[in-house]
Structure formats: structure tokens, C-alpha cells
Amino acid sequence: MEIDLDKSWEPHLKEEMSKPYFLELMEFVKQEYHNNVCFPPKNEIFNAFTQCHFNAIKVVIIGQDPYHDHGQANGLCFSVNDGVKHPPSLKNIFKEIELALGIPYPQSGNLVRWANQGVLLLNATLTVRAHQAGSHQKKGWETFTDAVIKTISNQKEDVVFILWGGYAKKKIKLIDSFKHKILTSGHPSPLSANRGYWFDNENFKDANCYLYNKKIKTINW
């Protein structure tokens with residue numbers, strides 16, 4: 001199976017991607033895409049790594065699973081392509097940005113504009129079978145994406161890690177909190193947001209404050 005990464009990632013992930021578990025995972029993914037409808041499209045599975053160069057990483061946002069309905073997933077967590085209706089979690093993300101930073105609610109839910117500024121939008125699992133949430137979990141993706149998080153933590157400094165909800169918060173153990181900034185909140189899903197665990201978290205504002213104080217160019221959310 002063809003793996004499309006920006007060249008800046010290769011020295012950091014080459015060894016990981018040659019491990020037996022990863023080769024088995026690629027074979028599993030190849031068979032799944034051959035036998036079933038899966039998302040995101042095959043050429044966008046590694047989109048997070050294509051759109052955000054390793055050297056440019058300023059912020060890491062961790063999701064869990066790609067969207068599993070037609071036309072939604074594009075390889076960037078929480079993101080959908082231009083013209084696609086915004087899923088509930090993405091709506092709440094944009095509402096929080098509007099609330100905290102006064103940025104008007106955007107027309108497009110395509111977060112490639114964040115990725116191109118140095119925001120790595122990383123799902124823990126990079127593929128899913130259509131209409132079957134979690135169907136590609138525990139096949140090896142989490143081992144790979146945990147290694148990605150550890151690599152960023154070990155080899156970079158002053159990165160903002162944004163962890164939403166219980167699943168993402170478990171990744172704290174992979175991150176060196178002395179070198180990086182960790183921001184947490186409830187998940188932007190309606191269930192969490194309606195219980196008061198999402199809005200007013202100020203993660204986007206705090207991320208930019210941290211970057212500004214480190215003399216790193218802030219993100220235009």
C-alpha cells in the first residue's frame with residue numbers, strides 16, 4: 001500500500017513504519033479498502049502528515065476516529081471537506097473560537113488551513129469502515145500514532161498539545177510537560193458540551209498566548 005508522507009517526516013518515522021506491526025496494519029488496511037467501503041479516501045489516510053510538515057509543528061490536536069459517513073473524513077481530525085455539512089463536534093469547535101476570539105463562524109469545515117499553519121490534526125485511528133465507528137481500532141493504528149506523539153514530544157520543544165475528552169487525555173503520559181504545553185477540556189461533542197464541559201475552555205486563546213510568549217507565530221484559527 002502506498003504511503004504518502006511529507007518528506008520532513010521520513011527520518012522520524014522510517015524506523016516505526018518498518019516494524020512488523022505496521023506492515024501487518026498496512027496489509028489489513030489494504031484488504032479492508034479492497035473488500036469494504038472505508039474512509040477517508042485511500043489517498044488521504046496520511047493527510048495529517050502531508051499537510052503539516054514535521055519541522056512546522058506548533059500545535060497537536062488529537063482525535064479518536066475518522067468520521068464514518070460518506071464524504072466527511074479527509075484525513076484531518078474533526079475536519080470535513082469544503083461544502084460538507086459541519087458535524088456537531090466541529091460546530092461546537094467553531095462556536096468556541098467565535099466565543100473566545102471573536103472570529104466569525106466559517107463557511108468551510110475544512111481544517112487544512114490550520115494544518116498548513118503547523119497544526120497536526122491527528123486521529124488515534126486513521127481509518128474506519130463506513131458506518132461502523134471504531135471498526136479499525138486496536139489493529140495497530142494506536143501504536144503508530146502513540147509513537148508519533150512520543151516522537152514529537154522527544155524531538156521538538158514548545159509544542160501545544162490539545163487534548164479533548166477522556167480518550168485524548170490518556171495521551172498525557174506520552175508528552176513531556178516540562179518541554180511542552182498541554183491544554184485539556186471536555187470533548188466538543190454535544191453530549192459533553194451540553195453538560196458544560198466544552199464552552200469557555202479558552203484552549204484556542206491559551207494556545208496562541210503560549211506561542212506568542214515563546215516568540216512563535218500564532219495560529220489564525
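Residues are numbered from 1 along each chain as its sequence is written, and side-chain values use heavy atoms, with hydrogens and water left out. Because the model is predicted, local features need pLDDT of at least 70 and side-chain atom pairs count only at pLDDT 80 or more, while totals for chains, interfaces and linings use all residues.

Start with the salt bridges. The structure holds four. The term means a side-chain nitrogen of Lys or Arg within 4 Å of a carboxyl oxygen of Asp or Glu. One of them pairs E16 with K19, at 3.0 Å from N to O. E16 is buried, with a relative accessible area of 13%. K19 is partly exposed, at 33%. Here buried means under 20% relative accessible area, exposed means over 50%, and partly exposed lies in between (1.4 Å probe, protein chains only).

Another bridge joins D146 and K171, at 2.7 Å from N to O. This pair links distant parts of the chain, 25 residues apart. D146 sits in helix 6 (residues 141-155), and K171 lies in the loop between helix 7 and strand 6. Both residues are buried. Helices (H or I, at least four residues) and strands (E, at least two) are DSSP runs, numbered from the N terminus.

D158 and K214 form a further bridge, at 3.7 Å from N to O. D158 is partly exposed at 21%. K214 is partly exposed at 41%.

D158 also deserves a look at its backbone. It has a positive phi of about 60 degrees, although it is not a glycine. D200 has a positive phi as well, about 70 degrees, and is not a glycine either. D200 lies in the loop between helix 8 (190-193) and helix 9. With 60% relative accessibility, D200 counts as exposed. Elsewhere, a cis peptide bond joins F39 and P40, with omega about -5 degrees. P40 is placed in the loop between strand 1 (38-39) and helix 3 (47-51).

Now the cysteines. The structure holds zero disulfides, a disulfide being a pair of cysteine sulfur atoms within 2.5 Å. For C38, the nearest cysteine sulfur is that of C77, 19 Å away. For C52, the nearest is also that of C77, at 11 Å. C38 is buried at 8% relative accessible area. C52 is buried at 0%.

S79 is another buried residue, at 0%. It belongs to the loop between strand 2 (59-63) and helix 4 (88-101). S79 and S189 are 110 residues apart in sequence, and their C-alpha atoms are 14 Å apart in space.

Finally, turn to the surface. K138, K150, K170 and K173 gather there in a patch of positive charge. Patches are made of residues with over 30% relative accessible area and no salt bridge; like charges are joined within 9 Å, and nonpolar side chains (Val, Leu, Ile, Met, Phe, Trp, Tyr) within 5 Å. Within this group, K173 is found in the loop between helix 7 (165-169) and strand 6 (181-185). K173 is exposed, with a relative accessible area of 68%.

Key
Accessible areas come from the Shrake-Rupley method with a 1.4 Å probe; for residues, only the protein chains shown count as cover. Lys and Arg count as positive and Asp and Glu as negative; His and the chain ends are not counted. The place of a charge is taken as NZ of Lys, CZ of Arg, CG of Asp or CD of Glu.
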